[in-house]
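Here's a quick walk through one structure, with an eye on how its parts touch. Have the viewer open as you read.

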Amino acid sequence: MKELKIVKNRFIFTIPAFVFHFLFYILPIILMIVLSFFSWDLLSPMKYVGLRNFSQLMKDKWFWNSIIVSFKYTFLAVPIIFVVSLILGVLLQEEDRFSKIMRVFFYWPYMIPMVAAGTMWKWLFSRNFGLVNYIITSMGFKPVDWLDNPTLALFTIVLVQVWVLAGFMMMLFIVGLQAIPEEFYEAASIDGATKFQKFWYITLPLLKNTNISVITLSIANCFRNFTIAYIMTTGGPGYATTVAPLYVYQKAFTDFRLGYASAGSLIVLLISFVIAYTVRKVQEREIEGGKI
Amino acid sequence: MRKTIVIILAVLFMIPVFWTVTSSFKSMSEIYKYPPTIFPKKISFEGYINIFKQSNFMRYLYNTLFVAIISTIITVFLCVSLGYGLAKGTFRHKDFFTEIVVITLFVTAQIIMVPLFVIIKQLGLMDSLWGLIIPAVFTPTGAFTAIQYMKDLPDEFLESAKVDGANEWQIFVKIVIPLSKPLIASLAIFSFTWRWNDFVLPLIVINSGKNFTIQLALATLQGQYGIPLNEILAFSVMSIIPTLIIFLLFQNLFMKGLSAGGLKY
């Protein structure tokens, strides 16, 4: 019988989606680049200013401050998220009833709208009426300014970020852990390996791909998040928790400097690409030279 | 031992929710009492009654549901159709088209909010619910999931229909869509949740109170002076209930579903 090979174009099926994709993903990126060379306050006509937005950004102390805050926020949150979700993943990797029920409690924060999450934590950390300070004072300590102390405020919002993301990352670890063949552990047991040795020499190296996903996704999520800071501190006290996306937001929608804000977003976008790319490269090298 | 640690951690994780829920049932005088009461001495529905009486809660609920439901329907259609075209089509530069979808996985509203604002304004969608729907119906995560799913669909199904003389559209409606039920279910559930929880888009698009979504209303409420705390907390509790119900119903889908490739958007 003659083989029947049907070749079908089917491009038409992709057109509706690509219209929206172009309008709301591709076009904004092009427009962002264009706008960054203009000065525009929405009311008066756009004015071409060349590289002035960028040269001003270079000198903008608070812009650089916001980039540093974002870095601190991200690199404080990501290791904690990694450790917490790995511990949760290891503890809940079995498919028994107990694990299945308990996973829900850790994953749920990821499903809670971030505005509501921020509101809840703000109330928990309220200086005078919050539960946390009540516990602290009843143990004989002084109440803590969780959100009004510049150094502490950053830690507090990091804590909320960890709470939001840890359960989601836990699921990635569970999927990864379940993919490790039982035989590896059995062989190690015969050789008399302790639990810790098994974890260190078998589990961790075999989780390498999961580790990559968890770290990359955590960085991407943290570096861009501004809702938690917006709700809990609105960037304060001072500029202590003004992360870069929040600063850009303020420039655009409080000061109405749209060109300037576009230039700022462009730099934020480039930085997040560079981070993602570097992480990827480092990990690829590790995998090539790794034990797998 | 393992169970004890897990339970302690779960209790720690649930403290903010617990404290918010119990506080939301306190009267204003009790909420500001020191030392605070863990459980309300007298259960008061003051906060809940006030959000229905004084704020436009029903209006916000309607707006949010409208946006979430309409965008979900469109999202599902766009993603399934795109996934089918990209996975089963044979047009030129297909890999390039797939690649540009994957690249935009890294682009979120927070990063492109300024140009997005300009485009939405030019389209005349500012301060309208459609301004929350149209820019959000395409989601790279959903598209990516659909492409992966369609790749795994066996070609034989499509080809046998072709032999039977069905045209392209009939194949899509009668064969592809029924075979994509699991994909459609998870796209629908995720899309609804994303739209319900969204804050960034409403923040830049909506100005007038009558068009507020629940999340935007909750954020705005907190910026105003003199809004009683029990009302804000009751509002928070109300805002998490719908997604909680969906989450509990479709737990497995959530936890295993898009986890593998999922970014939040």
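The notes below go from the domains to a helix pair and then to the chain contact.

## Ground rules

This is a predicted model, where local features need pLDDT of at least 70, side-chain atom pairs count only at pLDDT 80 or more, and totals for chains, interfaces and linings use all residues. Residues are numbered from 1 along each chain as its sequence is written, while chains are lettered from A and ligands numbered from 1 in the order in which they are written.

## Two domains in chain B

Chain B splits into domain 1 (1–44) and domain 2 (54–260), with bounds from an automatic or database domain assignment. Their centres, taken over C-alpha atoms, sit 33 Å apart. Seven residues from domain 1 of chain B and seven from domain 2 of chain B make the contact (C-beta atoms, placed from the backbone, within 7 Å). On the domain 1 side, helix 1 of chain B gives the largest share, four residues (helices are DSSP runs of H or I, at least four residues, numbered from the N terminus).

## Helix 1 against helix 14

In chain B, the axes of helix 1 and helix 14 (residues 229–249) come within 8 Å and cross at roughly 125° (axes are lines fitted to C-alpha atoms over the stretch in contact, with angles from 0 to 180 degrees between N-to-C directions). B:Thr20, B:Val21, B:Ser23 and B:Ser24 of helix 1 meet residues of helix 14 including B:Asn230 and B:Leu233.

## Meeting chain A

Between the chains, 73 residues of chain B contact 69 residues of chain A. Helix 1 of chain B (residues 2–24) shows up here too, giving the largest share of the chain B side, 13 residues.

How values were computed: Two residues are in contact if their C-beta atoms, placed from the backbone, lie within 7 Å. Helices (H or I, at least four residues) and strands (E, at least two) are DSSP runs, numbered from the N terminus.
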